[in-house]
Amino acid sequence: MALSEQRKGYLYDYQKAKLKRIPLDVPKEKYGQIKTAAETTGESVNGYIKKAIDERMERDNLPPATSETP
């Protein structure tokens with residue numbers, strides 16, 4: 001189902017206001033390993049990486065991320 005122009009505009013505005021892109025370059029072999037691990041756990045690559053970051057921050061006793069963090 002195609003998105004309406006209004007919905008596209010809303011999503012664009014939301015992403016611009018609330019999200020920050022983080023480019024991540026990894027060797028192709030490493031990407032394959034990450035993708036396989038994510039699929040094994042039933043997650044997307046993006047979700048898998050986000051979860052890994054959250055777990056590392058928790059292990060390092062860093063405060064949890066909030067929506068107010070720049």
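This is a predicted model: local features need pLDDT of at least 70, side-chain atom pairs count only at pLDDT 80 or more; totals for chains, interfaces and linings use all residues.
Local features need pLDDT of at least 70 and side-chain atom pairs count only at pLDDT 80 or more, while totals for chains, interfaces and linings use all residues. Residues are numbered from 1 along each chain as its sequence is written, and side-chain values use heavy atoms, with hydrogens and water left out.

Start with the whole chain. It has 3 helices and 0 strands, in the order α-α-α; helices (H or I, at least four residues) and strands (E, at least two) are DSSP runs, numbered from the N terminus. Of the 70 residues, 4% count as buried (under 20% relative accessible area, 1.4 Å probe, protein chains only).

Now select residues 28-40, helix H2, and residues 45-59, helix H3. Their axes, lines fitted to C-alpha atoms over the stretch in contact, come within 9 Å and cross at roughly 90 degrees. H2 and H3 are therefore roughly perpendicular (65 to 115 degrees). Tyr-31, Ile-34, Lys-35, Ala-37 and Ala-38 of H2 meet Val-45, Tyr-48 and Ile-49 of H3, contact being heavy atoms within 4.5 Å.

Finally, pick Ile-34 in helix H2. Ile-34 counts as buried because its relative accessibility is 16%. Leaving aside residues up to four places away in sequence, Ile-34 touches Val-45, Tyr-48 and Ile-49. Draw a line between the C-alpha atoms of Ile-34 and Val-45: they are 6.8 Å apart, at a separation of 11 residues along the chain.

Key
Buried means under 20% relative accessible area, exposed over 50%, partly exposed in between (1.4 Å probe, protein chains only). Axes are lines fitted to C-alpha atoms, for helices over the stretch in contact, and angles run from 0 to 180 degrees between N-to-C directions. Angles under 35 degrees count as roughly parallel, over 145 as roughly antiparallel, 65 to 115 as roughly perpendicular and the rest as oblique.
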